[in-house]
Amino acid sequence: MVNEENEKDIISSRPNDNSGEAVDDTKEEGQDSPDESTKLERWNHPRINMYRYLTTLLCFINMGMNDAAYGALIPYLEVYYNVNYTIISLVFLAPFLGYTLAAFLNNTVHMRFGQLGIAIIGPSCKIIAYVVICIHPPYPVLPVIFMFAGFGIGLADSGWNAWIGNMQNANEMLGILHGCYGLGAAISPLIATAMVTKAHLVWYKFYYLMVGVAVLELILSIVTFRRATGAIYRAKNPGTHSEEGHSRTREALRNKITWLCAIFLLLYVGVEVSLGGWLVTFMLKVRHGEPFASGLVVTGFWLGLTFGRVILGFVTGKIGEKLAIAGYLLICVGLELCFWLIPNFVASAVFAGWLGFFLGPLFPAAIVVATKLLPRRLHVSSIGFAAAFGGGGAAVLPFAVGAIAQAKGVQVLQPIALALFVAILAFWCLLPGGFKKKGLEEVQRQREEEANCGADDEGGGLSA
């Protein structure tokens with residue numbers, strides 16, 4: 001039995017969630033006092049956090065498997081349904097509606113149901129989607145059902161990023177978390193391609209496996225997060241809603257840091273999933289590779305992403321997030337130019353792997369930067385919105401690539417990716433803090449001092 005004493009204490013100290021009286025224990029857990037606001041959770045303390053963190057790792061493996069499967073299965077979906085690039089690309093676009101809905105409902109789900117709501121709704125939506133896909137319905141049903149998967153993934157993506165982004169050693173913890181996404185994305189095309197090309201199974205048989213993984217995720221999520229209710233969340237985070245109970249989402253959406261991070265993540269996730277999603281088709285039709293070898297190239301891309309997130313996650317914080325990510329992006333621009341201009345299958349496979357490696361740390365670093373630049377009361381709303389909105393890039397940009405590829409050919413993938421890398425770098429440079437190692441901390445400290453001075457002035461005016 002996992003240790004849950006800390007959560008029981010919170011509930012016992014706050015028997016009536018609507019009560020205006022707050023005892024000291026509850027205040028210590030939830031208020032942004034000078035002492036408590038600097039205390040960050042650890043991934044292994046209290047012990048229940050360890051089990052929850054491990055569950056989120058499985059969740060992100062499943063996310064990676066979901067996102068990477070599209071690209072591996074697209075050539076076979078085209079043949080099965082007899083549709084063109086533009087129509088088949090709707091399977092990328094449809095989840096965007098789910099991601100968008102998750103971006104706006106993330107804070108509401110937390111306030112009403114706590115992390116338990118995220119833990120149940122997320123995998124349940126994926127199970128619904130995968131079961132319907134397993135019965136291989138007519139093609140128009142697929143984009144509609146993928147909206148459910150998009151909503152479930154968007155909720156989990158936003159909720160777990162916001163939670164782990166506020167932990168001690170967030171760069172490393174998020175690096176491992178997103179490394180698991182990369183791991184799932186690496187094995188998914190390999191399994192899907194092998195099932196179709198080696199075992200001669202129909203494409204939708206792959207989703208039998210996805211149902212099993214999603215069911216396992218749901219069971220573990222319910223067990224580990226069963227006490228993380230809305231009452232617990234409201235007790236720990238009273239600053240995330242106003243006295244009238246309204247969420248902070250509106251305030252978060254008025255903060256320019258929220259939008260800079262959201263657009264950065266939208267472009268980043270878009271280029272990541274566009275490369276992962278269309279690499280198989282590109283290697284088949286432009287580099288004239290064999291089907292299984294082309295599937296291995298996209299596996300190499302996702303493996304590079306996995307290793308990059310884990311390894312560079314321990315490097316990024318030591319260099320400074322702003323400088324490190326700018327450097328990684330410049331390397332990506334160089335690698336993308338080589339990928340585009342050197343028409344060789346083996347060289348392209350090598351460049352794809354290194355592209356994944358240096359792309360890997362971008363998402364975790366953006367979450368860490370957001371926690372440093374935003375006030376704590378906005379962390380769940382802002383980071384949740386940015387992560388879910390950014391996840392929509394996995395839908396919009398791969399669809400755009402598919403639509404353009406229908407008119408111009410799949411070779412447009414490389415110049416589009418190059419342009420996106422430049423745009424991502426531009427948005428990264430717009431974030432405050434400069435490129436000094438401690439620049440973000442200085443901005444954070446300055447804003448806290450300004451906030452404290454404002455509170456002191458207000459208090460002085462009231463006392464006068």
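Predicted model: local features only at pLDDT ≥ 70, side-chain atom pairs only at ≥ 80, totals over all residues.

A residue counts as buried under 20% relative accessible area, as exposed over 50%, and as partly exposed in between.

**Salt bridges**

How many salt bridges does a search of the whole structure find? The search turns up four. Three of them, including the pair of Glu217 and Lys126, are set out here.

| Pair | Closest N and O atoms |
|---|---|
| Glu217 with Lys126 | 2.8 Å |
| Arg377 with Glu251 | 2.7 Å |
| Arg309 with Glu272 | 2.9 Å |

Start with Glu217, which forms a salt bridge with Lys126. Glu217 sits in helix α9 (residues 206–225) and Lys126 in helix α6 (residues 95–134), so this bridge ties together parts that are 91 residues apart in sequence. Are these two partners buried or exposed? Glu217 has 2% relative accessibility, so it goes down as buried. Lys126 comes in at 0%, so it is buried as well.

Next up is Arg377, in a salt bridge with Glu251. This pair links distant parts of the chain, 126 residues apart: Arg377 is in the loop between α16 (362–373) and α17 (379–391), while Glu251 belongs to helix α11 (residues 249–253). With a relative accessible area of 31%, Arg377 is partly exposed. Glu251, at 21% relative accessibility, also counts as partly exposed, because the buried class holds values under 20%.

That leaves Arg309, which bridges to Glu272.

**Cavities**

Now for the empty space. Rolling a probe the size of a water molecule over the atoms shows where such space is left. Searching the whole structure gives six cavities of 30 Å³ or more, and the largest cavity has a volume of about 120 Å³.

Which residues lie nearest the centre of that largest cavity? They are Asp67, Asp157, Tyr181, Val269 and Phe363, out of 15 lining residues. By type, the lining of the largest cavity splits into nine nonpolar, two polar and four charged residues. Four helices each supply at least two residues of this lining: α3 (47–81), α7 (141–165), α8 (170–197) and α12 (256–285).

How values were computed:
Residues numbered from 1 in each chain as written. Heavy atoms only, no water. 1 Å grid on protein atoms, 1.4 Å probe; cavity = no way out; pocket = protein on both sides within 12 Å on 5 of 7 lines; lining within 4 Å. Points joined across faces, edges and corners; volume = space filled by probe spheres on them. Nonpolar A, V, L, I, M, F, W, Y, C, P; charged D, E, K, R; others polar. Salt bridge = Lys/Arg side-chain N within 4 Å of Asp/Glu carboxyl O. Buried < 20%, exposed > 50% of the residue type's maximum accessible area, 1.4 Å probe, protein only.
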